[in-house]
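I opened my notebook to record what I looked up in this structure, one topic at a time.

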Amino acid sequence: MRLRITLLATLLATTALAQGVMDVHSHIITPEFVSALESEGRLMDEGFPLPKYDVTEHLRWMDEAGVQTSVLTLAAPQPSSPEVVRQTNETAARIKEEHPGRFLFCAALPLPDVTKAIEEAKYALDVLKADGIKLATNVGGQYLGAPELDTLFSVLNERRAVIILHPHCPEPVNKQVMAQTPLAMQEYLAETTRAVTNMISRNVLARYPQLKVVVPHCGAYLPLAIPRMKSLTPVMQANKMVGEIDFDANLRALYYDLAGAHSPETIRMLLAITTPDHLLYGSDYPYVAPQVLTQSLARMKQYLSTEPDFAPFSEMILHKNAQWLMGQAAEKPTAEGRTADGMLFRLAEIEVHPQYLKEYLAAAAEIQKASLAEEPGVVCLFPTQTKEDSTQIRILEIYASQQAYQHHIQTAHFLKYKQGTLHMVKHLKLQDLQPLTPETMNKVFKR
(Lines give C-alpha, C1' and ligand atoms only; values in the text may rest on other atoms or scores of the structure.)
Protein backbone atom coordinates (compact mmCIF):
# COMPACT_ATOMS: atom_id res chain seq x y z
CA MET A 1 0.00 0.00 0.00
CA ARG A 2 2.80 2.40 0.94
CA LEU A 3 4.57 1.64 -2.35
CA ARG A 4 1.40 2.42 -4.31
CA ILE A 5 1.01 5.74 -2.50
CA THR A 6 4.66 6.59 -3.19
CA LEU A 7 4.26 5.73 -6.88
CA LEU A 8 1.10 7.83 -7.08
CA ALA A 9 2.83 10.79 -5.46
CA THR A 10 5.72 10.46 -7.90
CA LEU A 11 3.31 10.31 -10.84
CA LEU A 12 1.44 13.40 -9.67
CA ALA A 13 4.68 15.32 -9.20
CA THR A 14 5.91 14.29 -12.64
CA THR A 15 2.61 15.33 -14.22
CA ALA A 16 2.77 18.69 -12.46
CA LEU A 17 6.32 19.30 -13.66
CA ALA A 18 5.35 18.43 -17.21
CA GLN A 19 2.97 21.39 -17.18
CA GLY A 20 6.05 23.56 -17.05
CA VAL A 21 4.68 26.70 -15.34
CA MET A 22 7.33 29.36 -14.75
CA ASP A 23 6.92 31.71 -11.77
CA VAL A 24 8.71 35.05 -12.22
CA HIS A 25 7.63 36.50 -8.86
CA SER A 26 8.94 34.64 -5.81
CA HIS A 27 11.16 35.83 -2.97
CA ILE A 28 14.21 34.57 -1.13
CA ILE A 29 14.51 35.57 2.54
CA THR A 30 17.87 34.53 4.01
CA PRO A 31 18.83 34.33 7.72
CA GLU A 32 21.54 36.97 7.12
CA PHE A 33 18.96 39.32 5.63
CA VAL A 34 16.58 38.87 8.58
CA SER A 35 19.38 39.27 11.16
CA ALA A 36 20.60 42.47 9.52
CA LEU A 37 17.13 44.00 9.54
CA GLU A 38 16.56 42.93 13.14
CA SER A 39 19.82 44.53 14.32
CA GLU A 40 18.79 47.80 12.63
CA GLY A 41 15.24 47.68 14.01
CA ARG A 42 13.83 47.50 10.48
CA LEU A 43 11.88 44.24 10.47
CA MET A 44 8.58 46.12 10.08
CA ASP A 45 9.77 48.75 7.58
CA GLU A 46 7.21 47.52 5.07
CA GLY A 47 4.44 47.34 7.66
CA PHE A 48 4.23 43.56 7.33
CA PRO A 49 6.22 40.79 9.06
CA LEU A 50 8.68 38.88 6.90
CA PRO A 51 7.53 35.30 6.24
CA LYS A 52 9.90 32.39 6.79
CA TYR A 53 11.58 30.98 3.70
CA ASP A 54 12.76 27.41 3.25
CA VAL A 55 13.83 26.06 -0.12
CA THR A 56 12.49 22.58 0.67
CA GLU A 57 9.04 23.98 1.40
CA HIS A 58 9.24 26.09 -1.73
CA LEU A 59 9.98 23.03 -3.84
CA ARG A 60 7.16 21.11 -2.18
CA TRP A 61 4.67 23.81 -3.14
CA MET A 62 6.07 24.02 -6.70
CA ASP A 63 5.65 20.26 -7.17
CA GLU A 64 2.09 20.31 -5.82
CA ALA A 65 1.04 23.33 -7.90
CA GLY A 66 2.79 22.30 -11.12
CA VAL A 67 5.45 25.02 -11.19
CA GLN A 68 8.60 23.88 -12.97
CA THR A 69 10.81 26.91 -12.33
CA SER A 70 10.73 29.86 -9.93
CA VAL A 71 12.69 33.09 -10.26
CA LEU A 72 14.02 34.21 -6.89
CA THR A 73 14.37 37.87 -5.92
CA LEU A 74 15.22 39.49 -2.60
CA ALA A 75 12.22 40.63 -0.59
CA ALA A 76 11.68 44.17 0.70
CA PRO A 77 13.03 46.17 2.46
CA GLN A 78 16.38 47.01 0.92
CA PRO A 79 19.34 45.93 3.11
CA SER A 80 21.63 48.75 4.24
CA SER A 81 24.74 46.57 4.00
CA PRO A 82 26.37 45.71 0.64
CA GLU A 83 27.72 42.59 2.35
CA VAL A 84 24.19 41.34 3.04
CA VAL A 85 23.26 41.98 -0.58
CA ARG A 86 26.30 39.95 -1.69
CA GLN A 87 25.48 37.10 0.72
CA THR A 88 21.90 36.96 -0.57
CA ASN A 89 23.03 36.85 -4.19
CA GLU A 90 25.52 34.08 -3.47
CA THR A 91 22.87 32.09 -1.59
CA ALA A 92 20.46 32.42 -4.52
CA ALA A 93 23.20 31.32 -6.92
CA ARG A 94 23.88 28.26 -4.75
CA ILE A 95 20.18 27.32 -4.65
CA LYS A 96 20.04 27.59 -8.44
CA GLU A 97 23.09 25.35 -8.78
CA GLU A 98 21.85 22.77 -6.28
CA HIS A 99 18.44 22.48 -7.95
CA PRO A 100 19.07 22.68 -11.71
CA GLY A 101 16.04 23.62 -13.73
CA ARG A 102 13.99 24.53 -10.65
CA PHE A 103 15.32 27.98 -9.78
CA LEU A 104 16.66 31.10 -11.48
CA PHE A 105 17.49 34.32 -9.68
CA CYS A 106 17.67 38.06 -10.23
CA ALA A 107 20.40 39.67 -8.13
CA ALA A 108 19.83 42.50 -5.67
CA LEU A 109 22.01 45.64 -5.81
CA PRO A 110 23.32 47.80 -2.92
CA LEU A 111 21.61 51.04 -3.93
CA PRO A 112 21.54 53.99 -3.42
CA ASP A 113 25.34 53.75 -3.92
CA VAL A 114 25.45 53.65 -7.72
CA THR A 115 29.16 52.78 -7.90
CA LYS A 116 28.77 49.78 -5.62
CA ALA A 117 25.56 48.79 -7.42
CA ILE A 118 27.43 48.66 -10.74
CA GLU A 119 30.18 46.55 -9.17
CA GLU A 120 27.61 44.11 -7.74
CA ALA A 121 25.71 43.96 -11.03
CA LYS A 122 28.87 43.01 -12.91
CA TYR A 123 29.82 40.41 -10.30
CA ALA A 124 26.32 38.92 -10.18
CA LEU A 125 25.83 38.74 -13.94
CA ASP A 126 29.38 37.81 -14.94
CA VAL A 127 30.54 35.62 -12.05
CA LEU A 128 27.42 34.30 -10.32
CA LYS A 129 25.61 34.01 -13.66
CA ALA A 130 22.51 35.74 -12.36
CA ASP A 131 19.55 35.58 -14.72
CA GLY A 132 18.71 39.23 -14.22
CA ILE A 133 18.60 42.09 -11.74
CA LYS A 134 16.00 42.95 -9.12
CA LEU A 135 15.42 46.67 -8.56
CA ALA A 136 13.34 48.33 -5.87
CA THR A 137 10.98 51.10 -6.95
CA ASN A 138 12.98 53.38 -4.66
CA VAL A 139 15.77 53.12 -2.11
CA GLY A 140 15.86 55.92 0.42
CA GLY A 141 13.98 58.23 -1.94
CA GLN A 142 16.17 57.44 -4.97
CA TYR A 143 13.47 56.50 -7.45
CA LEU A 144 13.93 54.57 -10.67
CA GLY A 145 14.29 57.08 -13.46
CA ALA A 146 16.51 59.37 -11.39
CA PRO A 147 19.36 60.83 -13.53
CA GLU A 148 22.07 59.40 -11.24
CA LEU A 149 20.93 55.89 -12.15
CA ASP A 150 21.66 56.37 -15.87
CA THR A 151 25.17 54.96 -15.56
CA LEU A 152 23.79 51.80 -13.93
CA PHE A 153 21.16 51.41 -16.65
CA SER A 154 23.88 51.83 -19.26
CA VAL A 155 25.82 48.91 -17.78
CA LEU A 156 22.69 46.75 -17.58
CA ASN A 157 21.78 47.70 -21.14
CA GLU A 158 25.19 46.52 -22.38
CA ARG A 159 24.46 43.14 -20.82
CA ARG A 160 20.90 43.04 -22.19
CA ALA A 161 19.66 42.48 -18.64
CA VAL A 162 16.22 41.41 -17.54
CA ILE A 163 15.08 43.60 -14.63
CA ILE A 164 12.41 42.52 -12.18
CA LEU A 165 10.84 45.40 -10.26
CA HIS A 166 9.27 45.26 -6.84
CA PRO A 167 7.62 48.01 -4.79
CA HIS A 168 9.21 49.13 -1.55
CA CYS A 169 7.97 51.53 1.09
CA PRO A 170 7.65 55.02 -0.45
CA GLU A 171 9.98 57.78 0.69
CA PRO A 172 8.84 59.95 2.37
CA VAL A 173 6.08 57.90 3.94
CA ASN A 174 3.01 59.02 5.86
CA LYS A 175 3.03 56.48 8.69
CA GLN A 176 -0.47 57.36 9.85
CA VAL A 177 -1.92 56.64 6.42
CA MET A 178 0.06 53.41 6.16
CA ALA A 179 -1.23 52.27 9.56
CA GLN A 180 -4.80 52.72 8.33
CA THR A 181 -4.29 51.12 4.89
CA PRO A 182 -1.28 48.79 4.84
CA LEU A 183 1.27 49.22 2.07
CA ALA A 184 0.46 46.00 0.25
CA MET A 185 -3.23 46.91 -0.07
CA GLN A 186 -2.77 50.16 -1.99
CA GLU A 187 0.53 52.02 -1.80
CA TYR A 188 2.54 49.21 -3.40
CA LEU A 189 0.44 49.67 -6.54
CA ALA A 190 0.92 53.44 -6.45
CA GLU A 191 4.63 52.99 -5.76
CA THR A 192 5.10 50.69 -8.75
CA THR A 193 3.16 53.06 -11.00
CA ARG A 194 5.18 56.01 -9.73
CA ALA A 195 8.51 54.36 -10.50
CA VAL A 196 7.56 53.10 -13.95
CA THR A 197 5.98 56.37 -15.08
CA ASN A 198 9.07 58.17 -13.81
CA MET A 199 11.21 55.99 -16.07
CA ILE A 200 8.87 56.58 -18.99
CA SER A 201 8.84 60.36 -18.57
CA ARG A 202 12.64 60.35 -18.84
CA ASN A 203 12.66 57.83 -21.72
CA VAL A 204 14.89 55.49 -19.72
CA LEU A 205 13.72 52.37 -21.51
CA ALA A 206 13.74 54.07 -24.90
CA ARG A 207 17.32 55.21 -24.33
CA TYR A 208 18.42 51.75 -23.17
CA PRO A 209 16.52 49.53 -25.63
CA GLN A 210 18.25 46.24 -24.74
CA LEU A 211 16.58 46.14 -21.31
CA LYS A 212 13.45 44.18 -20.51
CA VAL A 213 11.58 45.13 -17.34
CA VAL A 214 9.02 43.03 -15.45
CA VAL A 215 6.35 45.09 -13.70
CA PRO A 216 4.77 43.25 -10.73
CA HIS A 217 1.23 42.82 -9.46
CA CYS A 218 -0.74 42.90 -12.72
CA GLY A 219 0.79 46.16 -13.88
CA ALA A 220 -0.36 48.11 -10.81
CA TYR A 221 -2.24 51.24 -12.01
CA LEU A 222 -0.46 51.48 -15.36
CA PRO A 223 -3.51 50.57 -17.51
CA LEU A 224 -5.10 53.75 -16.13
CA ALA A 225 -1.94 55.85 -15.84
CA ILE A 226 -0.53 55.36 -19.34
CA PRO A 227 -3.54 56.76 -21.25
CA ARG A 228 -3.63 59.70 -18.84
CA MET A 229 0.08 60.37 -19.35
CA LYS A 230 -0.40 60.33 -23.10
CA SER A 231 -3.36 62.70 -23.01
CA LEU A 232 -1.58 65.21 -20.73
CA THR A 233 1.83 65.09 -22.40
CA PRO A 234 1.09 67.88 -24.92
CA VAL A 235 -0.09 70.16 -22.10
CA MET A 236 3.03 69.41 -20.04
CA GLN A 237 5.27 69.93 -23.04
CA ALA A 238 3.64 73.29 -23.80
CA ASN A 239 4.51 74.34 -20.24
CA LYS A 240 8.05 72.94 -20.61
CA MET A 241 7.47 70.45 -17.80
CA VAL A 242 8.41 67.34 -19.82
CA GLY A 243 10.27 66.71 -23.05
CA GLU A 244 9.51 64.32 -25.89
CA ILE A 245 8.36 60.90 -24.66
CA ASP A 246 8.63 57.84 -26.87
CA PHE A 247 5.74 55.87 -25.41
CA ASP A 248 5.98 53.03 -27.92
CA ALA A 249 9.66 52.36 -27.24
CA ASN A 250 9.19 52.54 -23.47
CA LEU A 251 6.15 50.25 -23.44
CA ARG A 252 7.86 47.66 -25.66
CA ALA A 253 10.35 47.03 -22.84
CA LEU A 254 7.69 46.32 -20.20
CA TYR A 255 6.45 42.86 -19.21
CA TYR A 256 3.84 42.22 -16.52
CA ASP A 257 3.55 39.48 -13.93
CA LEU A 258 0.08 38.42 -12.79
CA ALA A 259 0.86 38.01 -9.09
CA GLY A 260 -1.88 39.24 -6.82
CA ALA A 261 -5.48 39.85 -7.85
CA HIS A 262 -5.42 38.39 -11.35
CA SER A 263 -8.68 37.86 -13.25
CA PRO A 264 -9.95 37.88 -16.84
CA GLU A 265 -11.00 41.49 -16.34
CA THR A 266 -7.52 42.46 -15.09
CA ILE A 267 -5.84 40.81 -18.06
CA ARG A 268 -8.15 42.58 -20.49
CA MET A 269 -7.21 45.90 -18.91
CA LEU A 270 -3.52 45.05 -19.29
CA LEU A 271 -4.05 44.23 -22.94
CA ALA A 272 -4.99 47.87 -23.46
CA ILE A 273 -1.32 48.77 -22.96
CA THR A 274 0.50 45.58 -23.94
CA THR A 275 0.23 42.32 -25.88
CA PRO A 276 -0.24 38.68 -24.74
CA ASP A 277 3.45 37.86 -25.25
CA HIS A 278 4.31 40.31 -22.44
CA LEU A 279 2.21 38.61 -19.74
CA LEU A 280 3.81 36.28 -17.18
CA TYR A 281 2.68 34.10 -14.28
CA GLY A 282 3.78 35.17 -10.80
CA SER A 283 2.94 33.79 -7.37
CA ASP A 284 4.50 36.11 -4.71
CA TYR A 285 5.68 33.06 -2.74
CA PRO A 286 6.14 32.92 0.31
CA TYR A 287 3.95 35.93 1.10
CA VAL A 288 0.76 34.01 0.29
CA ALA A 289 -0.22 30.68 1.84
CA PRO A 290 0.71 27.73 -0.44
CA GLN A 291 -2.83 26.35 -0.61
CA VAL A 292 -4.13 29.76 -1.68
CA LEU A 293 -1.47 29.99 -4.39
CA THR A 294 -2.34 26.52 -5.66
CA GLN A 295 -6.02 27.40 -5.89
CA SER A 296 -5.19 30.72 -7.56
CA LEU A 297 -3.04 29.04 -10.21
CA ALA A 298 -5.74 26.44 -10.89
CA ARG A 299 -8.28 29.24 -11.35
CA MET A 300 -5.94 31.03 -13.77
CA LYS A 301 -5.42 27.86 -15.81
CA GLN A 302 -9.19 27.38 -15.96
CA TYR A 303 -10.09 30.79 -17.36
CA LEU A 304 -7.05 30.96 -19.63
CA SER A 305 -8.14 27.71 -21.27
CA THR A 306 -11.88 28.44 -21.47
CA GLU A 307 -12.07 32.15 -22.34
CA PRO A 308 -12.01 32.27 -26.18
CA ASP A 309 -9.83 35.38 -26.39
CA PHE A 310 -7.26 33.92 -23.94
CA ALA A 311 -7.11 30.28 -24.97
CA PRO A 312 -4.57 30.76 -27.81
CA PHE A 313 -2.20 32.42 -25.33
CA SER A 314 -2.60 30.15 -22.30
CA GLU A 315 0.74 28.35 -22.58
CA MET A 316 2.49 31.61 -23.46
CA ILE A 317 1.28 33.28 -20.27
CA LEU A 318 1.88 30.28 -18.01
CA HIS A 319 5.41 29.51 -19.13
CA LYS A 320 6.50 30.17 -22.73
CA ASN A 321 6.79 33.97 -22.43
CA ALA A 322 8.86 33.69 -19.25
CA GLN A 323 11.07 30.95 -20.64
CA TRP A 324 11.97 33.13 -23.60
CA LEU A 325 12.38 36.26 -21.48
CA MET A 326 14.71 34.52 -19.01
CA GLY A 327 16.82 32.93 -21.72
CA GLN A 328 15.45 29.41 -21.31
CA ALA A 329 14.03 29.23 -24.85
CA ALA A 330 15.65 30.30 -28.11
CA GLU A 331 12.56 31.43 -30.04
CA LYS A 332 9.99 33.99 -29.01
CA PRO A 333 6.66 32.21 -28.45
CA THR A 334 3.59 32.59 -30.61
CA ALA A 335 -0.02 31.70 -29.93
CA GLU A 336 -1.30 28.17 -30.22
CA GLY A 337 -2.36 27.61 -33.80
CA ARG A 338 -6.03 27.83 -34.67
CA THR A 339 -5.43 28.23 -38.39
CA ALA A 340 -5.88 26.39 -41.66
CA ASP A 341 -2.78 25.98 -43.82
CA GLY A 342 -0.84 28.29 -41.53
CA MET A 343 -3.30 31.19 -41.68
CA LEU A 344 -5.21 32.71 -38.77
CA PHE A 345 -8.93 33.51 -39.19
CA ARG A 346 -10.86 35.48 -36.59
CA LEU A 347 -14.10 37.41 -36.15
CA ALA A 348 -14.09 40.25 -33.62
CA GLU A 349 -17.59 40.90 -32.27
CA ILE A 350 -17.66 44.38 -30.74
CA GLU A 351 -20.36 46.47 -29.11
CA VAL A 352 -19.57 50.20 -28.93
CA HIS A 353 -21.04 52.71 -26.49
CA PRO A 354 -23.40 54.86 -28.64
CA GLN A 355 -21.83 58.18 -27.59
CA TYR A 356 -18.45 57.01 -28.93
CA LEU A 357 -19.66 55.40 -32.17
CA LYS A 358 -18.40 58.13 -34.52
CA GLU A 359 -14.97 58.18 -32.85
CA TYR A 360 -14.72 54.40 -32.90
CA LEU A 361 -15.59 54.13 -36.60
CA ALA A 362 -12.85 56.64 -37.39
CA ALA A 363 -10.34 54.66 -35.32
CA ALA A 364 -11.37 51.38 -36.99
CA ALA A 365 -10.95 52.92 -40.44
CA GLU A 366 -7.54 54.31 -39.47
CA ILE A 367 -6.12 50.99 -38.23
CA GLN A 368 -7.53 49.18 -41.29
CA LYS A 369 -5.77 51.62 -43.61
CA ALA A 370 -2.45 51.50 -41.70
CA SER A 371 -2.43 47.72 -41.30
CA LEU A 372 -3.17 46.94 -44.95
CA ALA A 373 -0.68 49.57 -46.14
CA GLU A 374 2.21 48.61 -43.86
CA GLU A 375 1.77 44.89 -43.03
CA PRO A 376 1.89 42.31 -45.82
CA GLY A 377 0.98 39.65 -43.25
CA VAL A 378 -2.43 41.24 -42.66
CA VAL A 379 -4.46 39.56 -45.40
CA CYS A 380 -7.81 41.05 -44.42
CA LEU A 381 -9.00 43.54 -41.82
CA PHE A 382 -12.61 44.33 -42.72
CA PRO A 383 -14.82 46.22 -40.21
CA THR A 384 -18.61 46.16 -40.69
CA GLN A 385 -21.77 47.25 -38.85
CA THR A 386 -24.90 45.16 -38.45
CA LYS A 387 -27.93 46.75 -40.16
CA GLU A 388 -30.14 46.17 -37.13
CA ASP A 389 -27.87 47.97 -34.67
CA SER A 390 -25.09 50.32 -35.78
CA THR A 391 -23.25 49.93 -32.46
CA GLN A 392 -22.67 46.24 -33.23
CA ILE A 393 -19.35 46.05 -35.09
CA ARG A 394 -17.98 42.89 -36.73
CA ILE A 395 -14.38 42.79 -37.95
CA LEU A 396 -13.20 39.93 -40.14
CA GLU A 397 -9.47 39.41 -39.51
CA ILE A 398 -7.25 37.13 -41.59
CA TYR A 399 -3.49 36.90 -41.05
CA ALA A 400 -0.95 35.08 -43.18
CA SER A 401 0.47 33.30 -40.12
CA GLN A 402 0.65 33.36 -36.33
CA GLN A 403 3.89 35.34 -36.69
CA ALA A 404 2.07 37.93 -38.79
CA TYR A 405 -0.59 38.25 -36.10
CA GLN A 406 2.02 38.58 -33.35
CA HIS A 407 3.75 41.30 -35.36
CA HIS A 408 0.44 43.09 -35.92
CA ILE A 409 -0.49 43.36 -32.24
CA GLN A 410 2.86 44.92 -31.43
CA THR A 411 2.76 47.65 -34.08
CA ALA A 412 2.41 51.30 -33.11
CA HIS A 413 -0.87 51.68 -35.00
CA PHE A 414 -2.44 48.67 -33.26
CA LEU A 415 -1.36 49.86 -29.81
CA LYS A 416 -2.73 53.33 -30.61
CA TYR A 417 -6.05 51.78 -31.65
CA LYS A 418 -6.19 49.45 -28.63
CA GLN A 419 -5.38 52.12 -26.07
CA GLY A 420 -7.47 54.82 -27.72
CA THR A 421 -10.68 52.79 -28.01
CA LEU A 422 -10.66 50.95 -24.68
CA HIS A 423 -13.22 53.32 -23.12
CA MET A 424 -15.40 53.20 -26.25
CA VAL A 425 -15.95 49.44 -26.30
CA LYS A 426 -18.77 48.04 -24.18
CA HIS A 427 -18.18 44.39 -25.10
CA LEU A 428 -15.59 42.41 -27.07
CA LYS A 429 -15.61 38.76 -28.08
CA LEU A 430 -13.05 37.13 -30.37
CA GLN A 431 -14.25 34.11 -32.35
CA ASP A 432 -11.62 31.91 -34.01
CA LEU A 433 -12.84 30.59 -37.37
CA GLN A 434 -12.14 27.42 -39.30
CA PRO A 435 -12.46 27.85 -43.10
CA LEU A 436 -14.41 25.10 -44.85
CA THR A 437 -12.38 25.36 -48.07
CA PRO A 438 -8.87 26.55 -47.16
CA GLU A 439 -7.60 25.61 -50.61
CA THR A 440 -9.51 28.58 -52.07
CA MET A 441 -7.76 31.21 -49.96
CA ASN A 442 -5.14 32.08 -52.57
CA LYS A 443 -7.88 32.59 -55.15
CA VAL A 444 -9.92 34.83 -52.86
CA PHE A 445 -7.10 36.96 -51.48
CA LYS A 446 -4.18 38.16 -53.57
CA ARG A 447 -2.17 39.85 -50.80
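My entries below go from the whole chain to salt bridges and then to one helix.

**Before starting.** I noted that this is a predicted model, in which local features need pLDDT of at least 70 and side-chain atom pairs count only at pLDDT 80 or more, while totals for chains, interfaces and linings use all residues. Residues are numbered from 1 along each chain as its sequence is written, and side-chain values use heavy atoms, with hydrogens and water left out.

**Whole chain.** I looked up the secondary structure and found 18 helices and 15 strands, where helices (H or I, at least four residues) and strands (E, at least two) are DSSP runs numbered from the N terminus. For 447 residues, a compact globule would have a radius of gyration near 22 Å, and the protein agrees with its 23 Å; this radius is taken over C-alpha atoms, and the globule rule is 2.2 Å times the number of residues to the power 0.38. Buried residues make up 52% of the 447, where buried means under 20% relative accessible area, exposed over 50%, and partly exposed in between (1.4 Å probe, protein chains only).

**Salt bridges.** My search of the whole structure gave 18 salt bridges, each being a side-chain nitrogen of Lys or Arg within 4 Å of a carboxyl oxygen of Asp or Glu. I looked at Arg 42 and Asp 45, whose closest N and O atoms are 2.8 Å apart; Arg 42 is buried at 16% relative accessible area, whereas Asp 45 is partly exposed at 32%. These two residues and Glu 40 are linked in a network of salt bridges.

I then turned to Lys 96 and Asp 131, which form a salt bridge with their closest N and O atoms 3.1 Å apart. Lys 96 lies in helix H4 (residues 82-98) and Asp 131 in the loop between helix H5 (114-126) and strand E4 (132-136), so the pair ties together parts that are 35 residues apart in sequence.

Glu 351 and Lys 426 also form a salt bridge, with 3.8 Å between the closest N and O atoms. This pair links distant parts of the chain, since Glu 351 is in strand E12 (residues 343-352) and Lys 426 in strand E15 (residues 425-432), 75 residues apart. Lys 426 is exposed, with a relative accessible area of 53%.

**Helix H14.** In H14, I found several buried residues, including Met 316, Ile 317 and Leu 325. Just after H14, Gly 327 takes a positive phi of about 80 degrees.
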